[in-house]
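Subject: Structure handover

Hi,

Here is the structure for you to take over. Please open it alongside these notes.

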Amino acid sequence: MRPYRALASAAVTDPIEIRVSDANPEARVYFGRGPRPGTMIAVAANLAGGFVMTAHLVRRAKGVMEWSSSTP
């Protein structure tokens with residue numbers, strides 16, 4: 001993920017969507033634009049600890065929607 005650090009940072013600061021993690025209800029997954037069409041970057045962050053747990057490339061978002069950039 002090192003080459004995509006800027007994309008991961010952008011996903012957290014200017015996300016497309018934020019979803020509740022399926023694996024950990026204390027965590028949120030921030031989805032941002034990926035490095036190529038059809039991919040997104042997913043950044044899982046722990047809300048209580050205030051740190052990023054992991055980041056990876058995905059083709060679709062999953063988890064319960066908490067916020068979307070298209071929300072007024």
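Below are the notes on the sheet, the helix, the salt bridges and one serine.

First, the ground rules. This is a predicted model, in which local features need pLDDT of at least 70 and side-chain atom pairs count only at pLDDT 80 or more, while totals for chains, interfaces and linings use all residues. Residues are numbered from 1 along each chain as its sequence is written, and side-chain values use heavy atoms, with hydrogens and water left out.

**Sheet**

Five strands form an open sheet in the order β4-β3-β2-β1-β5. The pairing is antiparallel. Strands are DSSP runs of E, at least two residues, and helices are runs of H or I, at least four, both numbered from the N terminus. Two strands pair if DSSP finds at least two bridges between them. The edges are β4 (51-58) and β5 (64-68), each pairing on one side only. From one strand to the next, the twist averages 25°. Axes here are lines fitted to C-alpha atoms, for helices over the stretch in contact, and angles run from 0 to 180 degrees between N-to-C directions.

β3 (residues 40-46) pairs with β4 over seven bridges, in the antiparallel sense. I41 has L57 of β4 as its bridge partner.

**Helix**

α1 (residues 5-13) lies across β2 (27-33) and β3. The helix runs at about 65° to β3. Contact means heavy atoms within 4.5 Å.

**Salt bridges**

How many salt bridges does the structure hold? There are two. The criterion is a side-chain nitrogen of Lys or Arg within 4 Å of a carboxyl oxygen of Asp or Glu.

- R19 bridges to E17, with the closest N and O atoms 2.7 Å apart. Both residues are buried (under 20% relative accessible area; exposed is over 50%, partly exposed in between; 1.4 Å probe, protein chains only).
- R28 bridges to E66, with the closest N and O atoms 2.9 Å apart. R28 sits in β2 and E66 in β5, so the pair ties together parts that are 38 residues apart in sequence. R28 is buried at 13% relative accessibility. E66 is partly exposed at 45%.

**S68**

S68 lies in β5. Its relative accessibility is 11%, so S68 counts as buried. S68 touches I16 and E17, leaving aside residues up to four places away in sequence.

Best wishes
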